[in-house]
There are 2 protein chains.
Amino acid sequence: MAEQAETLRRTPLSRDRVLRAAVALADEAGIESLSMRNLAQDLGVVPMALYKHVANKDELLDGMIDVVVGEIGAPEVGADWKPAVRQRILSAREVLQRHPWAPLAIESRNMATPAVLAYLDAVIGTLRAGGFSVDLAHHVMHAMGSRVLGFSQELFDADRRAGRSGRTEPAPPAALPPEVAAMFPHVAEIAMAASHDDASVLGQGCDDQFEFEFALDLLLDGIERLHERGWASPRRPH
Amino acid sequence: MAEQAETLRRTPLSRDRVLRAAVALADEAGIESLSMRNLAQDLGVVPMALYKHVANKDELLDGMIDVVVGEIGAPEVGADWKPAVRQRILSAREVLQRHPWAPLAIESRNMATPAVLAYLDAVIGTLRAGGFSVDLAHHVMHAMGSRVLGFSQELFDADRRAGRSGRTEPAPPAALPPEVAAMFPHVAEIAMAASHDDASVLGQGCDDQFEFEFALDLLLDGIERLHERGWASPRRPH
DNA sequence: CTCCCTAGGTGTACGGCGTACACCTGATGC
DNA sequence: GCATCAGGTGTACGCCGTACACCTAGGGAG
């Protein structure tokens with residue numbers, strides 16, 4: 001084992017190895033326990049060694065984002081824009097779900113990282129090939145927001161927050177305490193309906209995947225309608 | 001001045017005063033410089049004094065969120081659901097724009113804070129009053145995601161990130177460096193169009209407000225159509 | 001009037017963080 | 001065989017959140 005450790009140590013560090021180790025650490029221990037010190041320990045190295053491969057922690061995060069965004073597969077070429085975009089976004093979602101820390105990380109960075117730009121460029125390319133004007137494509141990308149990367153900032157997905165990936169088993173429907181329910185009747189109504197619904201669906205109160213596709217299709221349908229009608233941006237009177 | 005300081009010091013601390021000072025500090029110096037130590041200094045008090053009024057920093061953040069969400073006005077009652085919801089969301093947006101750190105803070109907390117629940121409850125109430133089924137209202141809330149609170153996680157709004165509020169003046173259109181443009185032609189195309197568009201609009205390349213309303217109306221229109229058609233959730237065969 | 005209780009501000013200290021800076025070391029090129 | 005230098009090391013600094021013991025002023029209760 002001493003020799004194994006020795007072997008591992010002898011494998012030289014590299015930017016790539018650092019980034020992959022960082023992603024792995026964040027995946028299994030949560031983003032909040034990704035510190036330069038922990039990461040260095042995982043790599044069998046002293047913290048300052050990392051700085052020979054990444055400039056600082058922010059750059060490390062950017063690199064990690066590029067690694068996971070790079071995992072998203074290429075879109076099918078030649079397909080209709082709508083199924084092509086839809087499929088690509090759903091596959092992005094699949095990737096990001098393997099890295100629960102990524103959405104928050106992406107949103108809190110300045111983000112013009114190469115892999116993200118490449119991804120966005122490909123999506124826009126699909127739209128343009130489908131006959132979208134530059135203008136409409138532009139607004140569509142904004143309208144999609146982060147959904148284009150496969151996540152939707154749900155306001156309530158207790159899991160992703162705080163980066164824990166330990167999956168504390170989906171938590172029993174929990175049904176908010178009655179005094180709270182009384183104060184927020186409409187919220188309670190929905191929570192209740194969602195929980196005695198068919199809980200089979202995911203073990204928890206509501207089906208994330210369904211919600212995601214619901215919103216995605218709502219947007220795609222609306223976009224399709226605009227596109228068919230030859231929507232053009234209202235020129236503001238100058 | 002010694003006596004003024006004395007007066008200020010004599011004004012007893014309170015949870016409310018702490019929260020307001022924290023919001024003010026985050027507003028003007030950015031969320032990244034909101035530390036217990038800085039906040040205490042602003043209040044003319046020693047850091048540990050704060051802990052007599054908030055349990056810890058996370059609870060402080062929750063309290064701050066409640067303060068800003070509490071600023072959002074009540075919706076007009078009796079109006080049609082669509083303009084009512086639209087107007088309420090736009091006014092939420094107005095509030096949140098005064099606190100650029102809030103969206104990120106909201107997204108990174110666990111968030112079942114009272115003010116947020118009250119706000120969501122009111123929005124759902126408007127939908128239900130407009131004849132929405134519990135089910136449809138539920139999915140609609142998910143589809144809106146964080147947009148319902150007036151922000152949209154744009155993936156690119158350089159301003160909000162990192163909490164700076166110093167408004168470094170919108171930055172000249174910047175036109176990405178040519179070698180980058182060559183690598184991402186579709187992104188470049190859009191960036192270019194947006195920048196020589198009518199830059200008058202906001203001084204920067206593209207009009208945030210327009211983009212926000214574009215996406216909002218896309219969703220609202222789609223939702224209206226579902227509602228008119230009496231959409232019901234597809235019962236999964238059990 | 002005294003005593004004690006308690007709410008609330010204080011001081012010190014600890015462990016963790018990111019990272020600047022000087023240093024060492026072993027492979028590589030001349 | 002010696003210089004170079006990429007890359008790993010060690011120490012140290014200043015920031016962070018916060019545990020814990022302490023002090024102090026004000027207000028009932030006896």
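A: Ala191(A) counts as partly exposed because it has 19 C-beta neighbours inside 10 Å. On this scale, a residue is buried if 20 or more other C-beta atoms lie within 10 Å of its own, exposed if 12 or fewer, and partly exposed in between, with C-beta atoms placed from the backbone. This is a predicted model, in which local features need pLDDT of at least 70, side-chain atom pairs count only at pLDDT 80 or more, and totals for chains, interfaces and linings use all residues. Residues are numbered from 1 along each chain as its sequence is written, while chains are lettered from A and ligands numbered from 1 in the order in which they are written.

Ala191(A) sits in helix α10 (residues 185-196) of chain A; helices (H or I, at least four residues) and strands (E, at least two) are DSSP runs, numbered from the N terminus. From Ala191(A) to Ala118(A) is 73 residues in sequence and 39 Å in space, C-alpha to C-alpha.

Chain A has eleven helices and zero strands. Of its 238 residues, 34% are buried. Two residues are in contact if their C-beta atoms, placed from the backbone, lie within 7 Å. Among contacts in chain A between residues at least 6 apart in sequence, 70% join residues at least 24 apart. The domain assignment, which is automatic or from a database, gives domain 1 (2-54) and domain 2 (76-155 + 222-229) in chain A. Their C-alpha centres are 32 Å apart.

Confidence is given as pLDDT, the predictor's confidence in each residue, from 0 to 100. Chain A has a mean pLDDT of 84, and 81% of its residues reach 70 or more. Residues 1-9 of chain A stay under 50, with three contacts beyond four places in sequence. Residues 199-203 of chain A are also below 50, and this stretch has five contacts beyond near neighbours in sequence.

The contact between the chains takes 44 residues from chain A and 45 residues from chain B. On the side of chain B that touches chain A, α6 (102-108), α7 (114-129), α8, α10 (185-196) and α11 (208-228) each supply at least two residues. By class, that side of chain B has 21 nonpolar, 13 polar and eleven charged residues. Here Ala, Val, Leu, Ile, Met, Phe, Trp, Tyr, Cys and Pro are nonpolar, Asp, Glu, Lys and Arg are charged, and the others, Gly among them, are polar.

Helix α8 (residues 134-144) of chain B has nine of its eleven residues buried, so it is largely enclosed by the rest of the structure. Among the buried residues of α8(B) are Leu136(B), His139(B) and Met144(B). Gly145(B), with a positive phi near 55 degrees, follows α8(B).
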